[in-house]
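User: I've got a model open and want to go through some of its side chains with you. Can we take it one spot at a time?

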Amino acid sequence: MSPSRIVTLLTDFGLNDVYVGIMKGVVAQIDPTLTVIDLTHEIPPQNIIAGRFCLINAYPYFPEGTVHVAVIDPGVGTRRRAIAIQLSTGYLVGPDNGLLGGLIKQQEIITAIELNNPDYWRTPNPSTTFHGRDIFTPAGAHLARGVPIEKLGTPIDRDTLADLSLPDPKQTKNIIAGCIQHIDRFGNLITNIPGDRVAGTSWTVTFPTSPRPTVIPSRKTYGDIHPGSLLTLIGSHGWVEIAANGDSAQLQLELNWGAKVEIHLDANSTP
């Protein structure tokens, strides 16, 4: 697989400061002909789960060989590893803290490397607070311009790569138990329950740990229910989500990342 000469950036840095611009400057210093695409820089600060979800959902829309640099790194400067991974269809660069774990579970891993070769860092004395500038972005740029991944460091055992402890959905008869894995800027609550588990059926959603009993009906589109009302549907990302027509489901339900969700399938409907 040849690199596509595309580097994507995903961070929790926001756009009020110069951090993202600096990372792009580092890419340009290494090779100004590379294409740099921002996935997002508005991940909530230090929210690895949100970054993991966004990376999973962006990955399929890029050409084979794209290098994805993801930096949500509350452990920056500690003993957590800086890594690069070659998948069967692309590359990942970032901290070994679970941020890359969603794609690691979905894709075939060809090679995993610890980024410990300073020849491919921005400086042999990297900052202890900005590895995005000094280690991850340079490594991503070198990969994108064709440097073999093996030159960036030493191989690591793929079984030791970190992932987050999001529970897999569990089904018992007509109930599927899952959790909230992401909340978008509209306040939609996106579960970790794949839409194909409920496609062709009708269902309702409840929240077993919420102090307020709530039953939310399934619909096809946001507009199928009165403004302000809650609904559940399969989102464009392919996961079951809970939304409010023209409003924020998160604010209405006062739920957050990791909240437990139960889908109750209509026994009279068939998938």
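User: Which backbone nitrogen does the side chain of Ser-248 reach at 3.1 Å?

Analyst: A quick note on the ground rules: this is a predicted model, where local features need pLDDT of at least 70, side-chain atom pairs count only at pLDDT 80 or more, and totals for chains, interfaces and linings use all residues. Residues are numbered from 1 along each chain as its sequence is written, and side-chain values use heavy atoms, with hydrogens and water left out. Ser-248 sits in the loop between β14 (239-244) and α5 (249-253); helices (H or I, at least four residues) and strands (E, at least two) are DSSP runs, numbered from the N terminus. At 3.1 Å, its side chain reaches the backbone nitrogen of Leu-251.

User: Is Ser-248 buried or exposed?

Analyst: The cut-offs go by relative accessible area: buried is under 20%, exposed is over 50%, and partly exposed is in between (1.4 Å probe, protein chains only). Leaving aside neighbours within four places in sequence, Ser-248 is in contact (heavy atoms within 4.5 Å) with Phe-186 and Gly-187. With a relative accessible area of 11%, Ser-248 is buried.

User: Moving on to rings, how many aromatic pairs does the structure hold?

Analyst: Rings of Phe, Tyr and Trp (its six-membered ring) pair if their centres lie within 6.5 Å; planes under 30 degrees apart are stacked, over 60 edge-to-face, and the rest tilted. On that basis, the number of aromatic pairs is three.

User: What's the angle between the planes of Phe-13 and Phe-130?

Analyst: Phe-13 is in the loop between β1 (6-11) and α1, and Phe-130 is in the loop between β6 (109-114) and α4 (131-144), so this pair ties together parts 117 residues apart in sequence. The two rings are edge-to-face, 5.8 Å centre to centre, with a plane angle of 85°.

User: Which Tyr also forms an aromatic pair with Phe-130?

Analyst: Phe-130 is buried, with a relative accessible area of 10%. Its edge-to-face partner here is 5.6 Å away centre to centre, at 80° between the planes. That partner lies in helix α1 while Phe-130 is in the loop between β6 and α4, so the pair ties together parts 111 residues apart in sequence. The residue is Tyr-19.

User: How accessible is Tyr-19, then?

Analyst: Ring pairs link Tyr-19 with Phe-13 and Phe-130 into a cluster. Tyr-19 counts as partly exposed, with a relative accessible area of 38%.

User: How many salt bridges does the count come to?

Analyst: A salt bridge here is a side-chain nitrogen of Lys or Arg within 4 Å of a carboxyl oxygen of Asp or Glu. One of them joins Arg-80 and Asp-73 at 2.6 Å, N to O, and both of those residues are buried. The count comes to nine.

User: Which residue forms a salt bridge with Asp-96?

Analyst: Asp-96 is in the loop between β5 (90-95) and α3 (101-106), and its partner is 15 residues away, in the loop between β3 (66-71) and β4 (82-87). Asp-96 is buried, with a relative accessible area of 12%. The closest N and O atoms are 2.7 Å apart, and the partner is Arg-81.

User: What about Asp-134: which Arg does it pair with?

Analyst: Asp-134 lies in helix α4 and the Arg in the loop between β6 and α4, so the bridge ties together parts twelve residues apart in sequence. Asp-134 is buried, at 0% relative accessible area. The closest N and O atoms are 2.7 Å apart, and the partner is Arg-122.

Note on methods:
Polar contact = N/O pair within 3.5 Å; in protein donor to acceptor, adjacent residues only side chain to side chain.
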